[in-house]
Amino acid sequence: MLVNANLERWWPAFLVVLVLCLAYANALQASFQFDDWDVIVRDLGVQSVPAWWNSMPAMRPLLKLSYALNHASGLGVVGFHAVNVIVHAGNGLLILVLVRRFAGQLGESPPTAGWIALATALIFVLHPVQTEAVTYASGRSTSLGALFALGSVAAWVRARAAPEGQPGRAVLLLLVSPALLLLGLATREAMAVVPLVLLLWEVADVSRPFRWRAVVARTAVHWAVLGCAITAALYLPAYRDFLVTSLATRSVTENLAAQLQGVVYLAGQLLNIDRMNADPALPVDLHPGLGGAAMLIVLVVVCGLAISNLRRYPLPAFGVLWFFLWLAPTNSLLARPDLVNDRQLYVALAGPALLLAASIRRLATHQRGLALLAFVIVLALTGLATHLRNEVYRDEVTFWRDVVGQSPHNARAFNNLGIALADQCDLLRAEQAWRRAVKLDPGYTRTAVNLQLLRQGVLPEGVGPCPQAP
């Protein structure tokens, strides 16, 4: 009897981990790509734990410590990818726990709440948009930060549900959850959204009355941690330089206008499961015109409806607001050189996944067979798309060919494709790629230098040697 009870309790977690392992089995064969070379391979501060310690204080200290520990393990690039897959599994299990708790407090029966949670977690771990935070080694900043952030939310939710005076409640609420938030902030700054997520959870809990005083009391330590973290960050030159560069890149108003197209692009990536792009290089449009105004109106209306109906229709409203809250840190006030990347959707994806899972469950009340078929198709397509997407990371030539195929306007991608081809001593195609980059952006100095070096019989630094070099 005890065995059956334990099996019933744990089999959803086993299933989430199992399907994730199947989808990401080929992720361990991926190579280092793109930013990996700068932040993992060449950064002297992450080559060992002592080197990491000597480089402190610095941005994202916990993330860099994880890189240093990976180097110390001696497992090479496989070790980096194995850790990323494990972290992704942890996030999938946290989504499973959180959604089960959330659906339960909305009055769903345990079997229904469990099914919605399982479906949400499976969609979350299998969607190919997650590969950029998992198979892309330096995408760990997002997935590892999310692990601590979701852990903070889970600890807070568990403490909140415990009766007053229960042993461990205060520890979870005042120590464990805020500590996990701090670890998340030390991994990636976007985890600053956690206190707002806790507020969203409070408002959406229709099983109890909403009281501002109670919310403030339960989240006060989180806000204090966030405030202290922001203050400490401003003392670091790297963060001050980032802020100055961001404001110089685009003003707040200009960035909000530009980010309209970024948000629309990311929303489209939820459906374009065969169009993941590691470097989309979206053109920045500071004057979106009528189309931009229409997009803004749609976003404002959607968010307004979700906020105003959070107590009346908590599940769909929660899913919508979860999506936009987790996008806010990277798609709002501070400008970035690149408008978007797929990993910005990593935690945000749980919102649409919840909406899809709830819709399938609702369909099952009328057409059980059709609902099951739809669910199986969703899992099969997303799982297959993820497995195929992982193959793109196998080597740099494949990676950059995929990027230029989807973003033929991207001069940086053609330059990097040329470097990858030159590293394989395919100098003719490397020259063709660099010429294409120069044609797209005549002012791209790096490509011009590469072409000049090639004419002189010299390859770019870190490339070659090639016996047939001119």
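This is a predicted model: local features need pLDDT of at least 70, side-chain atom pairs count only at pLDDT 80 or more; totals for chains, interfaces and linings use all residues.
Local features require pLDDT of at least 70 and side-chain atom pairs count only at pLDDT 80 or more, while totals for chains, interfaces and linings use all residues. Residues are numbered from 1 along each chain as its sequence is written, and side-chain values use heavy atoms, with hydrogens and water left out.

The structure holds 14 salt bridges, each defined as a side-chain nitrogen of Lys or Arg within 4 Å of a carboxyl oxygen of Asp or Glu. In one of them, the closest N and O atoms of Glu-132 and Arg-343 are 2.6 Å apart. Glu-132 belongs to helix α7 (residues 131-134) and Arg-343 to the loop between α15 (314-327) and α16 (350-364), so the pair ties together parts 211 residues apart in sequence; helices are DSSP runs of H or I with at least four residues, numbered from the N terminus. Both Glu-132 and Arg-343 are buried (under 20% relative accessible area, with exposed over 50% and partly exposed in between; 1.4 Å probe, protein chains only).

A salt bridge also links Arg-160 and Glu-202, with 3.2 Å between the closest N and O atoms. Arg-160 lies in helix α8 and Glu-202 in helix α10 (residues 194-204), so parts 42 residues apart in sequence are tied together. Arg-160 is buried at 4% relative accessible area, and Glu-202 is buried at 3%.

Arg-412 and Asp-279 form a salt bridge at 2.5 Å, N to O. Arg-412 is partly exposed, at 25% relative accessibility, whereas Asp-279 is buried, at 2%. Through shared partners, salt bridges join Arg-160, Glu-202, Asp-205, Arg-208 and Arg-218 into one network.

Conventions
Helices (H or I, at least four residues) and strands (E, at least two) are DSSP runs, numbered from the N terminus.
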